[in-house]
Amino acid sequence: MKKILALVAVVALVAFAAPAFANVNPFMDVPMNHWAYDAIGQLAARGVLSGYPDGTYKGNQPMTRYEAASAIARALAVVDMTKASKQDVEMLKRLVVEFKDELDALGVKVDQIDSRLAVIEERLGGWKLWGEFRYDAWFGAGDDVTEPNLYGTTGSNRFNVSRYRIWMRKFIDDKVTFTARLGSVGAVFERYFLTVKFPWDITAHIGKGDWYDWEDEDGLYIDNDAMFANLSTGFYFNKPFAMGNFVFFVNRPDEINIVGPTSPIERYDIGARVKLNFNEQLWLSLNGILRKYDSNVLFAPAIDQEDEHIYWGAVGINFTPAIALKAAYYAQEIQTGPTTESPNSFQAIIDIKQDALKFTSFWAEYRSFDNNFTAWNAEPWNLYGDVTGLNLGADYDSVMFFYLKQKWTDQWSTFQRYFIGNARNEIPGVTDNTTNWTFGVKYNYTPGLSFELAYDKIENSHTLVNDDDSVIRFRTHIAF
Amino acid sequence: MSLTRNGLYVLASVLIVCLMLAFAPAALADAKVLERWSQTKSYKDKEGAELDVRVTYYSAEYIEALVKEEAEKNLWTADETEQFKYQLLSGLSLDEYIPLNIEFDNRGPTMHLAPFDRFVTLWAGKKKFAPVEYDKRFNFGFQGKRDGLVYFPRYDEKGRSNLEGVKSVRLDMQGSMSSVTMNLTTVDFIFDVARDNPEALYKGKAAARLELDRLIKRMDKLNAERKKLEEQLAELNAEIGTVEQRMEELQRQ
């Protein structure tokens, strides 16, 4: 295996063609603390790289980028791949990437690496692994004894690894890919699915995954989550065409979550969507999901689940690539015994990117609800604490949400969010409008490590007067 | 006043600001051109990871605006500007390919995109194209920033332009390219190529030099063909000579 890997690397790195234009200064010094010195030294020590005919690389003497590239290019020509491990190949690749422009100039044209290299490597290397976890420290949340607790803490404060996700993927062949995710709940595989390419450009996901977040596809939310996207366990088909795509899925809850033969969650979710882009400025999507619960005579009608369906159409106008107006109309059908309710919801969004306003991005969202309009999946504005719940139409007749983010540098950004929910029935001393606001600052120490400090305050959660809470959250996010 | 009415007032006010920005005066024309052909989409996941994807389509008016902007920024002479334009156009190989620049700013889990051509498709009219060439650095797992050019074929095998009669092109990137976009079927970028102005680009010294390059390339091809034909002719002549010689030998017998 090592030899094959090594051979692949040699073929890729040595068999190059014509020279190209270098766009960095090749005579710039490589600093003595640069990792390349160590890398070349280690490869030489292990016998992978040997022989520097003109002595350009001395290991402990400063050199220019051009000299370093020259050393690498010469060494590559005589590299002993029988001694190379997978780590060595990775190190060689890093060196080639680092000195790409200089190698190009020397005639070692990295751009011409045969694309088959990547496929072969995938097949040889097997699994690709990546993941992330977040560690949260919460301060000052209500203790749930003397005051409301809206942030899910036990007591006022909490330190915990709030979530981790480890992904793995393997390209089985040109047409089949397997993806899985190990996650927080019980350290089990939460997602596992095959992606299969069929004729006529049809791609299918088969298994368990999060595939139908159509509200996110259309950019209809920015905060916590979509209202109707959900975990899919079944078959999901996508057929792209020139200016859009058509999607169809059949989904049934995973048997792992079903207890006994009379579970109320046994059902089919059947969905279809078409997205049409008329040009770069105008798009339209039509979406529908039927949720049909199993008919089960053993189950008591009083607690039986009734069918519920959701259909929505969304349209977007991009005035410029950085300024968009989006609107959506949702029609819901909820069967309650012999009658069917049809609550609707309207949404309008103005989405301005920082490119347009220069100092900040700006998201303004208005949404109205008919009575009993209900979100299926998650509370759309519960990013920090319990703000609204799922029964949006029962509690609110309309809401507004604003989100602003200022990216000051590649590392520093600040953000603010503000939510106000207009209570459907204001009863003095009992129910009132809900408000939630946040101010936060985020620092990306490296691309894989960030720290976020945020203050969040909720008043009249679920419209209940004095159901208030606030928290300071310090989040460490690590990705690899 | 109800929240609903307040909300509508706020949205209406913001909409007016949007329209003012969108239809800003001609002084911002170049900036608007640069913005139009270089689009960014931003994504984040619940864990805190963020991903920005910027795609640039090298339309004629984009290149013109870019050259103008660089010239103004660097106070170049007309010759220097032409030189920059020539280098840019040579690098983009517009006479053979449809190049797009893709930039990732991945502040989240490592993206493993090898082989990269598996993750991107360009739709032009009813045809779809896989990249014919791309920056191979996309094949190495990365966090942070990575950018490079991706080339799609400009002409079909019969020499017809793949953009002929096409109003818009759509770059379709698979959502599975990152765990941040894993919940999406596609991350796509649309460019109205029919609203480009290609005549503006091919003027001036840079255009003349590019034409000269093309003609040199064509001359090389023709010379190579001539050499090949001459070799074939030489082979035929040699064969004829051999046959004639043998015939003479046979006749003498």
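I looked up Asp52(B) and found Asp105(B), in strand 3 of chain B, opposite it. Strands here are DSSP E runs of at least two residues, helices are H or I runs of at least four, and both are numbered from the N terminus. The model is predicted: local features need pLDDT of at least 70, side-chain atom pairs count only at pLDDT 80 or more, and totals for chains, interfaces and linings use all residues. Residues are numbered from 1 along each chain as its sequence is written, with chains lettered from A and ligands numbered from 1 in the order in which they are written.

I then checked the pairing of strand 2 (residues 50-57) with strand 3 (residues 97-111) of chain B, which is antiparallel over 8 bridges. Two strands count as paired if DSSP finds at least two bridges between them. I traced an open sheet of 5 strands in chain B, in the order 1-2-3-7-6, with antiparallel pairing. Its edges are strand 1 (38-44) and strand 6 (133-134) of chain B, each pairing on one side only.

For chain B as a whole I noted 5 helices and 9 strands. Along the sequence I read the pattern α-α-β-β-α-α-β-β-β-β-β-β-β-α. Of the 253 residues in chain B, 34% are buried (20 or more other C-beta atoms within 10 Å of the residue's own, C-beta atoms being placed from the backbone). I also looked at contacts (C-beta atoms, placed from the backbone, within 7 Å). Among those in chain B between residues at least 6 apart in sequence, 63% join residues at least 24 apart.

Next, the domains of chain B, with bounds from an automatic or database assignment. I have domain 1 at 26-202 and domain 2 at 207-253. Their centres, taken over C-alpha atoms, are 43 Å apart. Contact involves 5 residues of domain 1 of chain B and 5 residues of domain 2 of chain B. On the domain 1 side I noted 3 nonpolar, 1 polar and 1 charged.

Last, the cores. A nonpolar core is a set of buried Ala, Val, Leu, Ile, Met, Phe, Trp, Tyr and Cys residues joined through C-beta atoms within 7 Å. The largest has 50 residues, of which Tyr151(A), Tyr212(A), Phe228(A) and Phe401(A) touch the most other members. Among the elements giving it two or more residues are strand 9 (244-251) and strand 17 (396-407) of chain A. Beyond its neighbours within four places in sequence, Tyr151(A) has contacts that include Trp138(A), Tyr384(A) and Val471(A). Apart from this core I found another, of 42 residues, including Tyr57(B) and Met111(B).

Notes
Contact = placed C-beta atoms within 7 Å. Nonpolar A, V, L, I, M, F, W, Y, C, P; charged D, E, K, R; others polar. Buried ≥ 20, exposed ≤ 12 C-beta atoms within 10 Å, placed from the backbone.
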